[in-house]
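Here is a short briefing on one protein model. Keep the structure in view and find each residue as it comes up.

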Amino acid sequence: MIFKYIVLVLYLPYIYYLKKSSKNLSEIHYLLKSKFCGNKAFSAMISILSPYSGSINPIVENYDQYFTKCYIQEKRFLKNPFNSVHAIAIANLGELTSGLLMMDYLQSTKQKGIITNIHIKYHKKARGKITAICDIKSLNEDIIKSEIFDNKNVLICEVFCTWNIKKII
């Protein structure tokens with residue numbers, strides 16, 4: 001866990017340069033993912049920018065303007081008394097995944113937004129590697145859906161985030 005923060009420190013000047021050259025988050029991820037441990041550095045940066053989401057130690061595996069894929073690994077501190085990943089940790093992963101995608105979408109369309117409602121449908125217990133996937137095609141009437149799968153690729157949860165979106169004047 002500490003390793004990704006060490007990698008982040010190494011890439012910090014590069015990330016700072018990219019941000020100053022008006023790159024959005026998906027462009028920064030694209031440029032970092034080809035570097036040694038670039039995904040870990042980007043994930044650490046997201047964990048620092050969003051501490052609550054960082055509390056589940058997410059790894060951003062794939063991120064562009066149309067699609068986002070993040071995952072968490074089952075750890076003892078994420079478990080509930082029923083020996084599965086806690087429901088709120090799963091919801092947190094879904095919200096982070098859809099939030100990353102929406103931030104990029106809103107920036108590219110000169111809009112701003114905030115989540116006003118989160119609706120979660122749980123289908124089964126989560127164990128092992130938990131992967132959240134969000135596609136911009138799922139955006140419908142300001143609601144975007146993240147689907148969350150276990151390591152056997154079985155749907156365990158759906159997270160629906162409602163956004164209040166406004167044009168930037």
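Contact here means heavy atoms within 4.5 Å. By that rule, Ser53 touches Pro58, Asn92, Glu95 and Leu96, leaving out residues up to four places away in sequence. The model is predicted. The points below cover its core, its strands, its loops, its salt bridges and a patch on its surface.

**Core and buried residues**

- The largest nonpolar core has 41 residues. Phe42, Val85, Ile130, Ile144 and Ile148 have the most contacts inside this core.
- Helix 5 (residues 87-108) gives the most to this core, with eight residues.
- Met45 is found in helix 3 (residues 38-49). Its relative accessible area is 11%, so Met45 is buried.
- Which residues does Met45 contact, leaving aside neighbours within four places in sequence? They are Leu8, Ile15, Leu25 and Ile28.
- Met45 and Cys70 are 25 residues apart in sequence. In space they are 14 Å apart, C-alpha to C-alpha.
- Ser53 is found in helix 4 (residues 51-54). Ser53 is buried because its relative accessible area is 3%, and buried means under 20%.

**Strand pairing**

- Strand 3 (residues 111-122) and strand 6 (residues 155-167) run antiparallel, joined by eleven bridges. His119 has Phe160 in strand 6 as its bridge partner.
- Strand 5 (residues 143-149) also runs antiparallel to strand 6, with seven bridges. Here Ile148 stands opposite Cys157 in strand 6.
- Strand 2 (residues 67-73) and strand 4 (residues 129-135) are antiparallel and joined by seven bridges. Lys69 has Ile133 in strand 4 as its bridge partner.
- Strand 4 pairs with strand 5 in the antiparallel sense, over four bridges. Thr131 stands opposite Phe149 in strand 5.

**Turns and loops with positive phi**

- Most residues other than glycine have a negative phi.
- Strand 5 and strand 6 form a hairpin with five residues between the strands. In this hairpin, Asn153 takes a positive phi near 65°.
- Glu141 is found in the loop between strand 4 and strand 5. Its phi is positive, near 50°.
- Is Glu141 buried or exposed? Glu141 is exposed, with a relative accessible area of 72%.
- Asp142 lies in the loop between strand 4 and strand 5. Asp142 has a positive phi of about 65°, although it is not a glycine.
- Asp142 is partly exposed, with a relative accessible area of 35%.

**Salt bridges**

- Side chains of opposite charge can pair when their charged atoms come close.
- How many salt bridges does a search of the whole structure find? The search finds six.
- Lys69 forms a salt bridge with Glu61, with the closest N and O atoms 3.7 Å apart. Lys69 is partly exposed at 24% relative accessibility. Glu61 is partly exposed at 29%.
- Lys129 forms a salt bridge with Glu61, and the closest N and O atoms are 3.9 Å apart. Lys129 lies in strand 4 and Glu61 in strand 1 (residues 59-63), so this pair ties together parts that are 68 residues apart in sequence. Lys129 is partly exposed, with a relative accessible area of 30%.
- Glu158 forms a salt bridge with Lys145, with the closest N and O atoms 3.6 Å apart. Glu158 lies in strand 6 and Lys145 in strand 5, so this pair ties together parts that are 13 residues apart in sequence.
- Glu158 counts as buried at 11% relative accessibility, while Lys145 counts as partly exposed at 24%.
- Salt bridges that share partners join Glu61, Lys69 and Lys129 into one network.

**Surface patch**

- Ile2, Ile6 and Leu10 make a nonpolar surface patch of about 350 Å².
- Ile2 has its place in helix 1 (residues 2-20).
- Why does Ile2 count as exposed? Its relative accessibility is 63%, and exposed means over 50%.

Technical notes:
Residues numbered from 1 in each chain as written. Predicted model: local features only at pLDDT ≥ 70, side-chain atom pairs only at ≥ 80, totals over all residues. Heavy atoms only, no water. Core = buried A, V, L, I, M, F, W, Y, C linked by side-chain atoms within 4.5 Å. Buried < 20%, exposed > 50% of the residue type's maximum accessible area, 1.4 Å probe, protein only. Helix = DSSP H or I, 4+ residues; strand = E, 2+ residues; numbered from the N terminus. Patch = residues over 30% accessible without salt bridge, like charges linked within 9 Å, V, L, I, M, F, W, Y side chains within 5 Å. Areas by Shrake-Rupley, 256 points an atom, 1.4 Å probe, with all protein chains shown as cover. Salt bridge = Lys/Arg side-chain N within 4 Å of Asp/Glu carboxyl O. Pairing = 2+ DSSP bridges.
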